[in-house]
Amino acid sequence: MQRLSVKWRFTVMVTGLMFCWNLNAQEVPSRPLSIPVYHPMVLIPGYAGSKDYTKFGLTSRIYKVPDNQIISFHQRMYGSDGGFSNFGIGGYIFQEQFDNYWNTGLAAIGAYHFPIDKARLHNIATGLTLKGILNVPKKQSEIPDDSLNSSFNPNMDAGIYYYGPTVFAGISVTTLFGTRLDDGRTVHDAAYIPREYHFYGGYKFLLSRKNAIVLEPSLLISVNDSTFSELHRHVTPYLKLYLQNFYIGTYVKSKDIFALFFQYQFPRFYTGVFLEFPRVGFLNEDNIIFEVSFGVNLGKGDQKFLQFRHW
Amino acid sequence: MIRKEIPSKVVYSLAITLYLIFQVTQHSTLQCAPLPDDSTRVQNLLVMDTVELHISGPSSDVTFYMNGLVFLSNTKFHQKMIPDHISFGVVKAYFVPLDYLSLESSRPLFPNDDFPYAPAGMSFTRDYGTVYFTKKVELADRTGVEKIFEMEIIEGKASQHQQLTFSSEPSRYLHPAISQNDSIMVFASDRTPSSGGLDLFIARRTGSEWTAPVNLGRGINTSGHEWFPFLDHCNNLYFASSGHRGYGGYDIYVCLWDGTGWGNPQNLTSFVNTPGDELAFSIHPNNKIAVFNRAMHAGTPGELLTIHLNSNAFPPSDTIDPRSRDICLLIPDMVGSGYTSGQFQAAANKPAEQAFNLEAMPLLSQAGSEEQDEPDQITLNTEDRTASDEITQEAEQHTVPVVESEEADVEEVPDEPIDEPDPDRLNFRVQILSSTRPNTRPEVTVEGEKYATFEYYYKGAYRITVGEFPTVGEANAFRLKCKNSGFNQSFVAAFRGEVRETDPSVFRQ
């Protein structure tokens with residue numbers, strides 16, 4: 001029997017993981033769940049500037065669950081000759097709501113992209129994010145105000161990202177210095193964000209060039225210092241199917257949760273919808289996480305707003 | 001009530017005045033008149049088509065190279081993955097065969113050099129051994145300016161780029177067009193003296209060097225831009241201009257070669273030109289297809305158009321008509337009775353005035369001390385001293401070197417196409433050898449006398465001929481001499497100008 005190639009084994013593995021995953025549902029995270037889909041540079045700083053257009057995006061969780069928003073942008077810088085330089089920049093502002101806190105954050109990303117072939121199709125980027133997160137107690141909290149303190153946590157992310165015509169993969173460390181645990185804060189506080197380690201990689205299969213159909217299985221692994229030993233429990237397989245201006249995707253992070261996300265690129269702007277709901281009780285609207293995304297892809301010169309799809 | 005009759009003289013005067021005003025108004029709109037009948041007839045012999053090659057490079061222009069086209073594209077458009085999913089890549093020159101025009105059939109022009117220079121600014125020598133091209137260089141003040149470079153193509157690979165010495169001063173030098181015998185180059189530049197904008201200049205080859213450029217004069221250059229020159233195998237000069245009377249925007253014009261110089265610019269008629277911009281006209285060496293760019297609105301991506309010979313339009317009785325095999329020969333008929341440099345010729349085939357005489361380079365020539373040091377010089381044509389004072393003053397002092405023939409010591413064999421008055425004339429040459437490589441025998445010895453050879457490319461090989469004779473008889477007599485000198489396989493071949501004529505009936509004339 002002929003052995004499967006590496007890329008097909010990877011696909012089979014991702015697909016298998018999607019159907020066999022047997023983990024418990026995780027807690028509601030402190031960020032929009034769709035960040036890996038719509039704002040990957042939050043996890044992988046080297047992603048900033050990995051596209052030949054400027055991308056602005058806004059994502060907001062809008063339904064029944066803690067309110068989260070993130071606005072991000074990234075672009076490749078231009079050189080003195082009008083062409084692209086090797087520098088990418090990006091940034092994002094986010095707001096998260098917890099039981100007792102508001103978290104507001106601001107981040108600036110710088111990345112340097114090394115082309116590794118003459119045709120500049122394969123690149124390795126190193127990225128660094130400087131960010132600050134302001135934790136502010138809620139006024140209406142049931143907990144007395146004097147037991148909650150505002151705090152500002154500067155921090156840093158760093159990572160490496162490879163991207164080529166069909167393969168992409170990145171590793172990173174976010175919140176490099178962790179959240180300070182002074183002032184009586186513990187790892188159990190909602191405002192505590194631990195140092196995290198991420199791997200994000202995938203492969204694009206061209207199914208039909210004529211119809212622009214591409215299948216993209218990928219994996220996201222996110223662990224922190226305390227969960228590092230349980231790496232296998234934090235692997236999230238993703239699957240995206242691109243159909244010209246549209247893609248549909250899903251991921252499986254537990255057998256109890258089902259997720260779907262979409263994006264459609266109109267001329268001049270794009271919009272996306274992200275849904276995560278439990279397999280049991282999905283009709284209960286309280287359990288549904290619903291995020292919407294909206295953005296524009298900007299070009300240069302005559303193409304201020306890109307008229308055509310760019311993924 | 002007193003009623004006064006208007007005198008008939010006044011009525012006639014008014015009518016004549018109105019007619020004159022109408023005529024002046026018509027001519028002042030810079031519009032060409034409707035096509036003459038001859039042009040319309042010729043245009044039936046040509047077919048225009050769009051090129052179905054989706055070029056996504058920084059420019060949509062192309063140039064001919066061997067049996068295909070050269071175009072610029074980003075490497076990401078040549079991957080298996082669709083470009084929507086690929087970022088970046090580099091701009092690169094690609095080659096695609098004319099018979100299979102698609103991105104999938106394309107390949108990098110040179111395997112060892114991206115060569116990301118605009119194809120319309122490239123010009124290949126006939127043997128494809130050298131390319132002249134336009135490349136931007138950075139000046140000391142960090143501004144970019146176009147210069148003309150030369151590069152040898154060795155076994156299909158790029159070699160070192162060398163800037164032509166005459167383009168070393170800070171002006172712009174772009175769009176070189178090399179003649180088929182590699183002896184002259186026409187290019188666009190804003191160097192002085194200038195008629196304004198970019199003008200066309202000419203330089204002649206002297207050995208491995210080029211003479212200082214000479215402005216082609218106000219017969220050809222205007223206060224607008226003249227650029228994208230191209231020289232066909234008859235040495236007709238095509239270029240794009242916004243300064244001559246035309247159909248709007250940039251139009252393509254042709255200056256027909258009369259054996260000693262170029263005639264006044266003639267619009268390629270509404271068959272080619274429109275109110276949009278027509279640019280970068282060139283004809284494939286097989287003379288059966290031409291290509292040019294058209295952009296209907298400034299800033300919009302250009303459309304690539306081809307002109308083919310419509311072989312079906314030639315009746316069977318016209319099969320020996322050389323025009324059925326050569327676009328270049330149709331061009332004079334097409335423009336023959338059309339616009340010529342500000343006036344319409346009343347009758348077709350009226351010989352056009354000469355705008356530039358190559359043998360006596362007149363007009364706006366460059367005042368260069370190095371030129372004045374040359375031994376052989378030609379004085380100005382005083383009749384053309386109507387340009388601006390500045391230009392005229394320079395021109396009056398200017399003399400232009402004549403290229404000393406490299407074959408001066410060789411017995412006279414008129415093989416320079418530039419000196420041929422009639423590009424369509426029938427002649428006979430003795431073909432003595434073939435070679436897969438060009439320029440293997442620049443001269444040969446026949447019965448103790450040296451003869452310069454003429455080489456042409458035909459069916460995959462370079463054919464070497466000696467002599468040029470108006471009749472078969474004379475050619476046959478020379479063929480016997482060649483055989484006696486060891487060229488046992490010599491035979492007589494017929495030519496129309498420099499193009500091999502394969503119709504056997506020409507030998508019966």
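**Close-up views of a predicted two-chain model**

View 1. Residues are numbered from 1 along each chain as its sequence is written, while chains are lettered from A and ligands numbered from 1 in the order in which they are written. Local features need pLDDT of at least 70 and side-chain atom pairs count only at pLDDT 80 or more, whereas totals for chains, interfaces and linings use all residues.

**View 2. An open sheet in chain B.** Four strands of chain B form an open sheet with the order 1-22-21-20 and antiparallel pairing. Its edge strands, each pairing on one side only, are strand 1 (46-50) and strand 20 (277-283) of chain B. Neighbouring strands of this sheet are turned by 25 degrees against each other on average, direction ignored; the axes are lines fitted to C-alpha atoms, for helices over the stretch in contact, and angles run from 0 to 180 degrees between N-to-C directions. Strand 1 of chain B joins strand 22 (residues 303-309) of chain B through five bridges in the antiparallel sense, and Asp49(B) has Thr306(B) of strand 22 as its bridge partner.

View 3. Helix 4 (residues 327-335) of chain B is mostly covered, with eight of its nine residues buried; a residue is buried if 20 or more other C-beta atoms lie within 10 Å of its own, exposed if 12 or fewer, and partly exposed in between, with C-beta atoms placed from the backbone. Among the buried residues of this helix are Ile327(B), Leu330(B) and Met334(B). A nonpolar core is a set of buried Ala, Val, Leu, Ile, Met, Phe, Trp, Tyr and Cys residues joined through C-beta atoms within 7 Å, and of the 82 residues in the largest one, Val186(B), Phe187(B), Phe228(B) and Val254(B) touch the most other members. Helix 4 of chain B supplies the largest share of this core, seven residues. A second, separate core of 30 residues includes Tyr38(A), Ala111(A), Tyr161(A) and Tyr200(A).

**View 4. The surroundings of Val91(B).** Val91(B) is found in strand 4 (residues 91-97) of chain B, and it counts as partly exposed because it has 17 C-beta neighbours inside 10 Å. Leaving aside its neighbours within four places in sequence, Val91(B) is in contact (C-beta atoms, placed from the backbone, within 7 Å) with residues including Gly57(B), Leu72(B) and Pro116(B). Val91(B) and Tyr117(B), 26 residues apart in sequence, lie 8.8 Å apart in space, C-alpha to C-alpha.

**View 5. Where chain A touches chain B.** Here 19 residues of chain A are in contact with 14 residues of chain B. The residues on the chain A side divide into eight nonpolar, four polar and seven charged, where Ala, Val, Leu, Ile, Met, Phe, Trp, Tyr, Cys and Pro count as nonpolar, Asp, Glu, Lys and Arg as charged, and the others, Gly among them, as polar.

Terms used. Pairing = 2+ DSSP bridges. Helix = DSSP H or I, 4+ residues; strand = E, 2+ residues; numbered from the N terminus. Contact = placed C-beta atoms within 7 Å.
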